[in-house]
Amino acid sequence: MKLNWFTRKGIIYLPVSIIGWIILAVALAYAVFTFVDIDKRSHSVSDTLINFVFNLLLIGLIYTLIAYFTEKKPVPDIIEK
């Protein structure tokens, strides 16, 4: 079964299907939610950023793993001489 939800452009995975766009939207919405939640409980800007960066790295890691396993792999060009 071929899953072509993402394509790779450099180090960035871009969605190419509806499911890919939904995954990206959910990841961004969850990142905003965690930022607001952390910001409510923190006492300073440094508290907010220190706690948010770790969560953002986890969200990015999960997004990258999903994108890696569902990316559209380029077909290698084999030229016979």
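The structure, a predicted model, holds 4 aromatic pairs. In one of them, the ring centres of Tyr68 and Phe69 lie 5.1 Å apart with the planes at 75°, so the pair counts as edge-to-face. A pair of aromatic rings is described by the distance of the centres and the angle of the planes.

**Aromatic pair and nonpolar surface**

- Tyr68 is partly exposed, because its relative accessibility is 39%.
- Phe69, at 63% relative accessibility, counts as exposed.
- Both Tyr68 and Phe69 belong to a nonpolar surface patch of about 640 Å², which also takes in Phe54, Leu58, Leu61 and Leu65.
- Leu61, another member of this patch, sits in helix H2, which spans residues 45-69.
- The relative accessibility of Leu61 is 47%, so this residue is classed as partly exposed.

**Nonpolar core**

- The largest nonpolar core has 8 residues: Phe6, Tyr13, Ile23, Ala27, Ala31, Ile59, Tyr63 and Ala67.
- Helix H1 (18-41) and helix H2 are the elements that contribute two or more residues to this core.
- Tyr63 is in contact with the core members Phe6, Tyr13, Ile23 and Ala27.
- Pro15 and Leu24 are also contacts of Tyr63, when neighbours within four places in sequence are left aside.

**Gly20 in helix H1**

- Gly20 is part of helix H1.
- With a relative accessibility of 0%, Gly20 counts as buried.
- Beyond four places in sequence, the contacts of Gly20 are Trp5, Phe6 and Pro15.
- From Gly20 to Tyr63 the chain runs 43 residues, and their C-alpha atoms are 9.9 Å apart.

**Salt bridge**

- The count of salt bridges comes to 1.
- This bridge joins the side chains of Asp37 and Arg41, with an N to O distance of 3.0 Å.
- Both partners, Asp37 and Arg41, are in helix H1, where they are 4 residues apart, about one turn of the helix.
- Asp37 is partly exposed, because its relative accessible area is 29%.
- Arg41 has 56% relative accessibility and is therefore classed as exposed.

- Thr7 lies in strand S1, residues 6-9.
- A relative accessible area of 19% makes Thr7 buried, since the class requires a value under 20%.
- Not counting residues up to four places away, Thr7 touches Ile12, Tyr13, Leu14 and Val16.
- One of these contacts, Ile12, is in strand S2, which covers residues 12-15.
- Ile12 is partly exposed, with 47% relative accessibility.
- Ile12 and Lys72 are separated by 60 residues in sequence and by 13 Å in space, C-alpha to C-alpha.

**Segment after H2**

- Thr70 is located in the segment after H2.
- The relative accessible area of Thr70 is 5%, so Thr70 is buried.
- Leu3, Asn4, Trp5 and Phe6 are touched by Thr70, with residues up to four places away not counted.
- For Thr70 and Phe6, the C-alpha separation is 6.3 Å across 64 residues of chain.
- Glu71 is also found in the segment after H2.
- Glu71 counts as buried at 11% relative accessibility.
- Outside four places in sequence, Glu71 touches Leu3, Asn4, Phe6, Arg8 and Tyr13.

**Asn51 in helix H2**

- Asn51 is a residue of helix H2.
- Asn51 is classed as partly exposed because its relative accessible area is 41%.

Technical notes. Residues are numbered from 1 along each chain as its sequence is written. This is a predicted model: local features need pLDDT of at least 70, side-chain atom pairs count only at pLDDT 80 or more; totals for chains, interfaces and linings use all residues. Side-chain values use heavy atoms; hydrogens and water are left out. Patches are made of residues with over 30% relative accessible area and no salt bridge: like charges are joined within 9 Å, nonpolar side chains (Val, Leu, Ile, Met, Phe, Trp, Tyr) within 5 Å. Accessible areas come from the Shrake-Rupley method with a 1.4 Å probe; for residues, only the protein chains shown count as cover. A salt bridge is a side-chain nitrogen of Lys or Arg within 4 Å of a carboxyl oxygen of Asp or Glu. Buried means under 20% relative accessible area, exposed over 50%, partly exposed in between (1.4 Å probe, protein chains only). A nonpolar core is a set of buried Ala, Val, Leu, Ile, Met, Phe, Trp, Tyr and Cys residues joined through side-chain atoms within 4.5 Å. Contact means heavy atoms within 4.5 Å. Rings of Phe, Tyr and Trp (its six-membered ring) pair if their centres lie within 6.5 Å; planes under 30 degrees apart count as stacked, over 60 as edge-to-face and the rest as tilted.
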